[in-house]
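Thanks for coming. I will talk about charged side chains today, and what they pair with. Here is the model.

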Amino acid sequence: MAAKIKKGDTVVVLAGKDRGAEGQVLRVLPKEDRCVVQGVNRIKRHTRPSQSSAGGIVEREASIHLSNVALKDPKDGKPTRVGFEVRDGKKVRIAKRTGEVLDV
């Protein structure tokens, strides 16, 4: 199954405490149907000091379910669903909202 959301895509959060937030996808976890989005779903992790790090409270992004994010349309900036088409013998992702090609 081809990935509808990939690393580096700009997405809009549809549900949860960060609803309406936009960010870039840092990592996709396809086995868990989740992704990590920059600046979204921030958590605080209490870490113990070790030889390499000082320890303390570290803030980082946690993963968010793929059903709660939608790709940002390159034309109008609103959330869009993703479809696939074969253009010039190559399979590309398209925005369902405007028909714009997402893969550069």
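Glu100 has a relative accessibility of 28%, so Glu100 counts as partly exposed. On the terms: buried means under 20% relative accessible area, exposed over 50%, and partly exposed in between, with a 1.4 Å probe and protein chains only. This is a predicted model, in which local features need pLDDT of at least 70 and side-chain atom pairs count only at pLDDT 80 or more, while totals for chains, interfaces and linings use all residues. Residues are numbered from 1 along each chain as its sequence is written, and side-chain values use heavy atoms, with hydrogens and water left out.

The partner of Glu100 is Lys75: the two form a salt bridge, with the closest N and O atoms 3.6 Å apart. That pair links distant parts of the chain, since Lys75 sits in the loop between strand 7 (69–72) and strand 8 (79–80), and Glu100 in the segment after strand 10, 25 residues apart. Lys75 is exposed, at a relative accessible area of 58%. By salt bridge I mean a side-chain nitrogen of Lys or Arg within 4 Å of a carboxyl oxygen of Asp or Glu. Strands (E, at least two residues) and helices (H or I, at least four) are DSSP runs, numbered from the N terminus.

How many salt bridges does the structure hold? There are 8.

Next, Arg93. Its side chain meets that of Asp9 in a salt bridge of 2.8 Å, N to O. Here too distant parts of the chain are linked: Arg93 is in strand 10 (residues 90–95) and Asp9 in the segment before strand 1 (10–13), 84 residues apart. Both residues, Arg93 and Asp9, are buried.

Arg93 also forms a salt bridge with Asp103, the closest N and O atoms being 2.9 Å apart. Asp103 lies in the segment after strand 10, 10 residues from Arg93. Is Asp103 buried or partly exposed? Its relative accessibility is 26%, so Asp103 counts as partly exposed, whereas Arg93 is at 4%. Together, Asp9, Arg93 and Asp103 are linked in a network of salt bridges.

Last, Glu61, in strand 5 (residues 56–61). Glu61 is buried, with a relative accessible area of 18%. A polar contact, meaning a pair of N or O atoms within 3.5 Å, one able to donate a hydrogen and the other to accept it within protein, with sequence-adjacent residues counted only if both atoms are side-chain atoms, joins the side chains of Glu61 and Arg42 at 2.9 Å. The Glu61 side chain also reaches the backbone nitrogen of Gly39 at 3.0 Å.
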